[in-house]
Amino acid sequence: MNYSELNVPQELHKAVARMGFTEMTQVQQEAIPPMMQGRDIIAKAPTGTGKTCAFGIPLILQIERENPCPQAIVLAPTRELAQQIAQDLKDLAYFYPEIKIVTVYGGANIQKQIEKLKKAAQIVVATPGRLQDHINRRTIDVSHVKSIVLDEADEMLNMGFYKDVRKILEQIKSRKQLAMFSATISREVMDIGWLYQRDAQEITVQPVEASAPKIEQYLVLTTGRNKLADMAEIIVQKGYQRIMVFCNQKYTTAMLANQMARLNFVVDCLHGDLSQNERNKIMAQFKAGNIAVLVATDVAARGIDVSQVDAVFNYDVPDSNEYYTHRIGRTGRAKHAGEAYVLYTKEERSRVRDMLRYTQNTAQPITFDEQRRIIPGTF
């Protein structure tokens, strides 16, 4: 289905065209109509399937433009994702200049956020902790909020925001609609649905061949001593220009970035201890192509939306199955093909096998011959 067939005002048609979209994704086709009707929904959809437009278009249509108070809230697990969502919503509302979209998140100057909220903010995109802070300070009026969206709900609730999200939902008595978008339906997501949704429409988007990210996955048996050398060899032989490398600990990201820099890679790292200004600069450099390798933790990488990441490396085997799905989803976006690698040791073989079985992914084992050329391996 094309956007031209969607029954929405001309302003939204022009905004979508300006963003370069013509054909709707499955999650957009299935989520937009019930959300426009005011229904609760719970949508399970892979990363990179256009979820922001799926809830953004209905939210914008629901806004009473003459009312400057917050009428819709979008909750996201990290500030990077909140910033990305806010930008997408601003693009969708481009021809509705009277609709104001404000982002609030931790690690930034709260006074500046308060000033923006005072002026006008019909849609607020927030991380749960900072939104609750504003509610406690009474610097945000939530009495007019009709719609709430939880984006990447599984990740947000798994990060320890379960109690915060529940408290926020309990405090917003005016809520008429709750929509949840998630890559997986965890127990916490189901609990929120049972507690706060009514007759929710369930949407499941399977990564069918036509719309699935084109990601070739590989397994590399290595050792702690050889892991960096093996990864570097693959990057050089494949000629990758833009790569993301995932580690489980923030300490490892800085250490690995320093080691790769000594190997003449143009590299930087992203982790939770960086200031927001530092994170923004690094992301701008990565998006511009001035940084070839971005080393990151799972939490720090949330919300990164770069369309042409050539490959993703799991330098550490992810701590959870869901993290693996989110990691490899950083490549193969916007119809670009991508490749993903898991570097694992013999001791981690069973963990990798369980992870692939759980995520229903298949991966090709590879190794090196005596000349260090990449050849098929065994698992």
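Buried means under 20% relative accessible area, exposed over 50%, and partly exposed in between, with a 1.4 Å probe and protein chains only. Helices (H or I, at least four residues) and strands (E, at least two) are DSSP runs, numbered from the N terminus.

A word on the source. This is a predicted model, where local features need pLDDT of at least 70, side-chain atom pairs count only at pLDDT 80 or more, and totals for chains, interfaces and linings use all residues. Residues are numbered from 1 along each chain as its sequence is written, and side-chain values use heavy atoms, without hydrogens or water.

Start with helix α6, residues 128–137. Which of its residues are buried? Pro128, Arg130, Leu131, Gln132, His134 and Ile135. They pack against β2 (72–75), β3 (101–104), α5 (110–119), β4 (123–126) and α7 (153–171). Contact here means heavy atoms within 4.5 Å.

Now step past the end of α6. Most residues other than glycine have a negative phi. Is arginine 138 buried or exposed? Exposed, because its relative accessibility is 76%.

There is a second case. Aspartate 199 has a positive phi near 45 degrees, and aspartate 199 is not glycine either. Where does aspartate 199 sit? In the loop between α8 (187–196) and β7 (201–204). Aspartate 199 has 65% relative accessibility, so it counts as exposed.

Last, back to α5. Lysine 116 lies in that helix. That's the tour.
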